[in-house]
Amino acid sequence: MFSRRITIERIDAAGNAHPCPIAQIDNFAMRNFTNDAVFDDTLPIADGLLEVGTRVPLDRLALDLEDWFRRKSYLAHTDRLRIAEHPTPSNREP
């Protein structure tokens, strides 16, 4: 079910990357668990790491997660999120 691993980092104004705390990622995942079925297949596993299912669109995840973090004041106006998928044996180039 959670076949993809996603890195979620806060990029500060100086360009430094910081893993987003698991509590913040979990807050988003639990909020969306009851309000948007597309994010039901999300599982926060550590600071900066989220496992997701195949039906979770990364572009939408990035937009909605950044919007949620801004509304919760987890991101400063000068910060941004960087979301990247880790290669797995099933999604690596041959």
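Which strand holds Arg-10? In this predicted model, Arg-10 sits in strand E1, which spans residues 4–11. Its relative accessibility is 24%. Buried would require under 20% and exposed over 50%, so Arg-10 counts as partly exposed.

Now look at what surrounds Arg-10. Beyond its neighbours within four places in sequence, Arg-10 is in contact with Asn-16, Ala-17, His-18 and Cys-20, among others. Its contacts also include Tyr-74, Leu-75, Asp-79, Arg-80 and Leu-81. With Asp-79 there is a polar contact, side chain to side chain, at 3.2 Å. Phe-69 is 59 residues away from Arg-10 in sequence, yet their C-alpha atoms are 10.0 Å apart.

The largest nonpolar core has 16 residues. Ile-8, Phe-28, Leu-50, Phe-69 and Leu-81 touch the most other members. Two or more residues come from each of E1, helix H1 (22–35), strand E4 (49–52) and H2. H2 is the top contributor, giving four residues. In soluble globular proteins, nonpolar side chains tend to be buried together.

Ser-73 lies between helix H2 (58–71) and strand E5 (80–85). Most residues other than glycine have a negative phi. Ser-73 is not a glycine, but its phi is positive, about 65 degrees. Is Ser-73 buried or exposed? Its relative accessible area is 61%, so Ser-73 is exposed.

Notes:
Residues numbered from 1 in each chain as written. Predicted model: local features only at pLDDT ≥ 70, side-chain atom pairs only at ≥ 80, totals over all residues. Heavy atoms only, no water. Buried < 20%, exposed > 50% of the residue type's maximum accessible area, 1.4 Å probe, protein only. Contact = heavy atoms within 4.5 Å. Polar contact = N/O pair within 3.5 Å; in protein donor to acceptor, adjacent residues only side chain to side chain. Core = buried A, V, L, I, M, F, W, Y, C linked by side-chain atoms within 4.5 Å.
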